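Please read the following points beside the sequence and the 3D view.

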Amino acid sequence: MQHFGDKTHLNTRVKTQNQTSTDVTTLTEQQMITLSKKGDRAAQKALFDSLSTKMFPLCIRYMGSREAAEDVLQEGFIALFSKLDSYSGEGSFEGWARKVFVNTALMTLRKNDVMKQSEDIESARSLSGSDVSALQSISYKELMGMVAELPPGFRTVLNLALVEGYSHKEISTMLGISEATSRSQLQRARVMLQNRIKNYK
Amino acid sequence: MQNDKYTDFDLELKRMLGGAEEEVPSRLWDAVCSELDRRDRRKVVALRWRRAAACVAAAAAVLAGIFIFTGRESTPEPVRTADVVEDAVEVPQTETVPTIEEQIAASAGAALASVPEEAVQRPAAAVTTIPSAVAPADTFVPEEVPEEVSEEPAGEAVEAPAEEPAVVPEVTGEPVTGRAPVFVPVNPADPFAWTEEDEERAAAFLERLSYTVSGNAMTNDFSGTGIRQMRAPASGVKVRTGIEEKGTSSYAIPLTFGAGVRFNFSDRWSVGTGVNWSLLSSTFNGTYTSVESDKIHSINSEIVHDIQYVGIPLNVYFNVLNNRNLRFYLWGGGSAERAISNRYRIKSDAGDIFYKEEVSGIQTSVAGGLGLEFLIGKHFGLYLDPSARYFFDCGQPSSIRTKHPFMLNYEVGVRFNL
């Protein structure tokens, strides 16, 4: 997981809502957070610029489309700035922010009731072997396209378990499913993705 | 992952997806920014409403105090001041009090020479008490012998009335008034004054404020025994209008209403201040002595004594527990109060007599206690602050505070957490 450096070299000078101007070029991550808590738009913009390029792919992976991902990214930043006071400073800020965006995505998926969709479950049962070389042969964009085409439930568990690194116990709590369901969905998602990669070439 | 091993496929998938970055359309920041602006504006509006609610609640508390006070002092059959003076003289059973000179002439020199200053104020040998027509028979104290001996020479006590005839210091009610009591309301100065020019700057600051509206009842032993002496009269005044308590006092529960603001410096520490209005009330049997020209009138009766204070507390709070539903804290601080009204109501068959005295000086106190606040919603809380308070001797009129300087308080109130 990438972390911010001590200094953020963003040549950004933005008029804030309060018509004060903050030079964020020399601000540390902690200073940006502190100013953002106070509603400093320049600092918030700097945080947005630093995080958005990393959080946007995350949102696409969970939502399956760029349009839906943009909405989640926007909601995620609103939530992030609103909850900034709850960031204690312990641990990576990017890691904390990632959780905010994951939660925002999950809330949106729940709201749209897409977690219960389980299309193509049967088709995922034809297990094929793991093929790393096939995976390495495709581009990031091609992989993202295949992940996006997974059923929402599979896609969500795959993202949570394999990319974010949550345990099945944590996933079961987050999604309100059993650990066994989480395991089986991950397995099926993995197989489905491997089959698509294999058939892509 | 529990009981699951990452395959090479999983690790490669994480590597390719986990560290990915993508350009974000610039319009997204504009959308985020405008939504933040909209929420900020909504927050300011909400702050204004909460501030208005706090002011209304504070005003309600003050009005409640006024209501209680005026309710206590209303007399069904008011009597005018002049009427009562005449009645006091014309009632058949009532003797006209002789002048000091007449008392001197009628009394043996040695005996009169020993009459102390205080004895002149009292319905003592030289002063005939207004009898049962005005004062109840059981409180009638005829020809009472002075109990205390003045250190001042008798000659001064005798000469004083001649030199300073009928000096009636600080008497605003004169013998009797049937008029509605003059209540000096607490100035409900808005501690939350808000100007447009500092609105933006204050918005962030206000997020750390709490407004409180509180009521407070103090408990202890509400009865007192013994003689409560009046404070010394003004220098140079030998005979003056005044009240002397005799026998047992009964104290009403002291009431305090207030509104305040609490500055939250951190999750743990905060400082609170505001304005409080307090009412101390007591009832006792006593003697009211008035001086009219060169005549002294005295009434034995039941007397109701009310003192009102306006005070400014300053407290420091430490949150021991602070979660979404409950806040438990310790606090300590002090308060400075000034009396705005000190009034006696002398009950009389001919009509109640009201007598006021100015009170100088500041009543100071220190307090400490616990606090429990039940948070209802995000911005509203009900709290209970049991505490102990010590009132310093600051030369204030007799009250439950002078009788029991160490008191237990139970303050309840509502707090608007912004």
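1. In chain A, A:Glu142, A:Met146 and A:Val147 of α6(A) meet A:Leu193, A:Arg196, A:Ile197 and A:Tyr200 of α9(A), where contact requires that C-beta atoms, placed from the backbone, lie within 7 Å. This contact comprises five nonpolar, no polar and two charged residues, with Ala, Val, Leu, Ile, Met, Phe, Trp, Tyr, Cys and Pro taken as nonpolar, Asp, Glu, Lys and Arg as charged, and the others, Gly among them, as polar.

2. The model is predicted, with local features needing pLDDT of at least 70 and side-chain atom pairs pLDDT 80 or more, while totals for chains, interfaces and linings use all residues. Residues are numbered from 1 along each chain as its sequence is written, and chains are lettered from A and ligands numbered from 1 in the order in which they are written.

3. Helix α1 (residues 29–37) of chain A packs against helix α2 (residues 41–63) of chain A at about 130 degrees, their axes being 7 Å apart; helices here are DSSP runs (H or I, at least four residues), numbered from the N terminus, and axes are lines fitted to C-alpha atoms over the stretch in contact, with angles from 0 to 180 degrees between N-to-C directions.

4. A:Met32, A:Leu35 and A:Ser36 in α1(A) face A:Ala43, A:Gln44, A:Ala46 and A:Leu47 in α2(A) as contacts, and these residues divide into five nonpolar, two polar and no charged.

5. Between the chains, 31 residues of chain B are in contact with 35 residues of chain A. The chain B side has 15 nonpolar, four polar and 12 charged residues.

Terms used:
Helices (H or I, at least four residues) and strands (E, at least two) are DSSP runs, numbered from the N terminus. Two residues are in contact if their C-beta atoms, placed from the backbone, lie within 7 Å.
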